[in-house]
Amino acid sequence: MRFQLTEDQRALQAGVRELLDRRFGAEALRAAVDEPGLDRALWRELGAAGFFALRLPEADGGVGLGLPEAVLAFEEAGRALLPGPLTATHLAAGSVPGAATGETVVTAPDGGLVEWLAWADVVLGDADGAVPLRSLDPLTPLHRVAHQGEADPLAVLLAAAEQLGTATRACELAVQHARTREQFGQPVGAFQAVKHLCADMLVRAETARAAVYAAAVTEDPADIAAARLLADEAAVRGTRDCLQVHGGMGFTWECEVHLHLKRAWARSQRGGGITESEEVLAADLVA
Amino acid sequence: MDLTYTPEEEEFRARLRRWLGEVLPKLPPAPAPSDWPARRAYDLGWQRMLHDAGYADVHWDASPTTRLIYLEETERAGAPYVGANFVGLLHAGPTIAAEGTPEQRSRWLPPILRGEEVWCQGFSEPGAGSDLAALRTRAWRDGDAYVVTGSKIWTSHAEVADWCELLVRTDPEAPRHRGITWLAMPMDAPGVTVRPLRTLAGSTEFAEVFLDEVRVPIANRVGAENDGWRVTMVTLSFERGTAFVGEVVACRRVLGELAAEARKNGRWDDPVLRRRLGRLNAEFRALWRLTQWNVSEASAGGVPGVGGSVFKLRYSHARQELYDAAADVLGPGALDLDRPWVLDRLSSLSYTIAAGTSQIQRNIVAERILGLPKGK
Ligand SMILES: Cc1cc2nc3c(=O)[nH]c(=O)nc-3n(C[C@H](O)[C@H](O)[C@H](O)COP(=O)(O)OP(=O)(O)OC[C@H]3O[C@@H](n4cnc5c(N)ncnc54)[C@H](O)[C@@H]3O)c2cc1C
């Protein structure tokens, strides 16, 4: 047993982070918020980097890696707040022409919602009668659809990986702020009330990490449900605590913290919601 | 990321499982929690059996993964806990192994492994709990011995211990952390008085230990004089690293039993209760994976790191939530001390206090992992 990232996995993680830092840094994020839209050039670049074809066999023009690597890539996407229907396009690689290379943008209904419907080239699943709504998350345009649909466990796990990225990022942002912002003559991070908020953020994120990575290895439905619950918790509570640590600044549109919280809320709607995962895990106890 | 075990590890698991299958059915029933002499004999007897079968040193010499398998399998099979051997095997022993002289190692380690001697830990004092470095029990030299006066508190297993790993102040003038020394004190030395303390669970799990001019040979000092703080930190990192592996396995078993009981008594029909148990399933699955993660890290890097604090924080709260959920399953039975899980619920209350309170663990995580500044 060696439950640690391999050298190759570390390199992949660093590679995706570098690409996203360069192509979707602070300025690009700002611009995307001001003017929502899907950056097709970035999408193709992601395709060229293998983001969508990661799990396709090499014989089919893919990268030939597995779910653990996909989870690491999606964790980075979550961290960077990368917009777009990443999961649906990734899962369509190999079955929808052009999805693997990022030429074709694919979306799919999930949890009574469809994201990026107006931008997508292909919709997988039933999006008839979709009604647009004014999305709470400025980086995720949404439509409502009538039926809930079945949850795809892989989609649930990839969303959990994004949540993990968000949780980790929220902890970093909170710590950065707590070390630099001074009140009463010392960094606010020296106050124990603030310190303990940050410690709890890390504990939740690291517990979720163990669950998400393990689920990527086992692909067991109960492990995936567990990963989802812990990652949702780590992301939603983490971003809220991060906002609290930022004080008034955290409540502004300007500060990026709200974007992380809103995305975390949006993702937690996916795959039948929290209730379904809890029921899966309850059923597992008496199986 | 690899969750599979090597053929050698699987072979170790299979051999251990076979052995447990043979010996456990022949074990006498566990003694009553209040019968300390019987508990001592029982716990030492089990350690002796482990020793004779070649498993005694699994806590020290085996790889972290082998140790994980050992703890997983013994727990699964319902083998006895380390019990009274806890301090010897997991605190004092590893400290002596790491810091002791060859003579000290050969004097103290074999009796621990053979199940012949019980150790206790005399660190906490009435005025020094979380702030351990505030300890005031004094020791001064007189010929070939230290003369020790002071008092310790919350000393687990003190009534049945042969030895105490004792922290004393040898230099009251030095900065707090630099005037402390680590001694191995025989519990039958003149001047040692043990007064048992009753816990909220009703039994006497720990004690006050009064020390009145107790003579401890200088040869019983492990590490240099006034270097006891550093020596102690070696022990504590062992404690927080892998001490709870078996318990996570046990908690997962209890959770399954809770679900079965809820199905039997009808509580399972309540979706709120069901989902509560489902969430705990997620929690303990994750804690098991976190354990594997930490063990893999320890295998790569030696001594368990600060990851132990992350685990301890999450686990101690999860354990309390588990037994609160048990109360939810039991309904009025939750007030009946003769029902299963009711005493465990009481015991679980100590988990956020012993071995560093949750608040102290949060300070450690925030300052040593996240690098936040100490307050003024
Ligand atoms: C079941 C059990 C077995 C034990 N066995 C042993 C043993 O065998 N040997 C031994 O030496 N000790 C033992 N202990 C003692 C244990 O290590 C101490 O109880 C523990 O370290 C806390 O110290 P205290 O009880 O003095 O609490 P205090 O330190 O007085 O703490 C009181 C409260 O103040 C909080 N607090 C204190 N300092 C801070 C701070 N800096 N920041 C934030 N909050 C703070 C604590 O979190 C706690 O909530 C045992 C304890 C228990 C419960």
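Trainee: In this predicted model, is the crossing of helix 4 of chain B and helix 5 of chain B left-handed or right-handed?

Mentor: The axes of helix 4 (residues 86-99) and helix 5 (residues 102-113) of chain B come within 10 Å and cross at roughly 160°. An angle over 145 degrees counts as roughly antiparallel, and these two helices of chain B are therefore roughly antiparallel to each other. The handedness of the crossing of helix 4 of chain B and helix 5 of chain B is left-handed.

Trainee: How many nonpolar, polar and charged residues form the contact of helix 4 of chain B with helix 5 of chain B?

Mentor: Helix 4 of chain B contributes G88(B), L89(B), G93(B), I96(B) and A97(B). From helix 5 of chain B come Q104(B), R105(B), W108(B), L109(B), I112(B) and L113(B). With Gly counted among the polar residues, the contact of these helices of chain B has 7 nonpolar, 3 polar and 1 charged residues.

Trainee: Is helix 1 of chain B oblique or roughly parallel to helix 2 of chain B?

Mentor: The axes of helix 1 (residues 7-23) and helix 2 (residues 36-52) of chain B come within 12 Å and cross at roughly 135°. That angle makes the relation of helix 1 of chain B to helix 2 of chain B oblique.

Trainee: What percentage of residues 6-116 of chain B is helix?

Mentor: UniProt, in an unreviewed entry, annotates residues 6-116 of chain B as "domain: Acyl-CoA dehydrogenase/oxidase N-terminal". The end C-alpha atoms of this span lie 34 Å apart.

Trainee: What percentage of residues 120-213 of chain B is strand?

Mentor: The unreviewed UniProt entry places "domain: Acyl-CoA oxidase/dehydrogenase middle" at residues 120-213 of chain B. The end C-alpha atoms of the span are 19 Å apart. Helix makes up 0% of residues 120-213 of chain B, and strand 51%.

Trainee: How many nonpolar, polar and charged residues does the contact of helix 7 of chain A with helix 8 of chain A have?

Mentor: Helix 7 (residues 192-218) and helix 8 (residues 221-245) of chain A have axes that come within 8 Å and cross at roughly 155°. These helices of chain A are therefore roughly antiparallel to each other, and their crossing is left-handed. By class, the contact of helix 7 of chain A with helix 8 of chain A has 16 nonpolar, 3 polar and 5 charged residues.

Trainee: Which strands of chain A stand at the edges of the open sheet of 3 strands?

Mentor: The strand order in this sheet of chain A is 2-5-4, with antiparallel pairing. Each edge strand has a single partner strand, so one side of each is left without a neighbour in the sheet. The edge strands of chain A are strand 2 (113-115) and strand 4 (131-133).

Trainee: Which residue in strand 5 of chain A is the bridge partner of L113(A)?

Mentor: Strand 2 of chain A runs antiparallel to strand 5 (residues 142-144) of chain A, and 3 bridges join them. In strand 5 of chain A, the bridge partner of L113(A) is R144(A).

Conventions:
Residues are numbered from 1 along each chain as its sequence is written. Chains are lettered from A and ligands numbered from 1 in the order in which they are written. This is a predicted model: local features need pLDDT of at least 70, side-chain atom pairs count only at pLDDT 80 or more; totals for chains, interfaces and linings use all residues. Side-chain values use heavy atoms; hydrogens and water are left out. Two strands pair if DSSP finds at least two bridges between them. Helices (H or I, at least four residues) and strands (E, at least two) are DSSP runs, numbered from the N terminus. Axes are lines fitted to C-alpha atoms, for helices over the stretch in contact, and angles run from 0 to 180 degrees between N-to-C directions. Angles under 35 degrees count as roughly parallel, over 145 as roughly antiparallel, 65 to 115 as roughly perpendicular and the rest as oblique. A crossing is left-handed if the near helix is turned anticlockwise from the far one by less than a right angle, and right-handed if clockwise. Contact means heavy atoms within 4.5 Å. UniProt positions are given in the numbering used here, feature names are shortened, and annotations may be inferred rather than shown by experiment.
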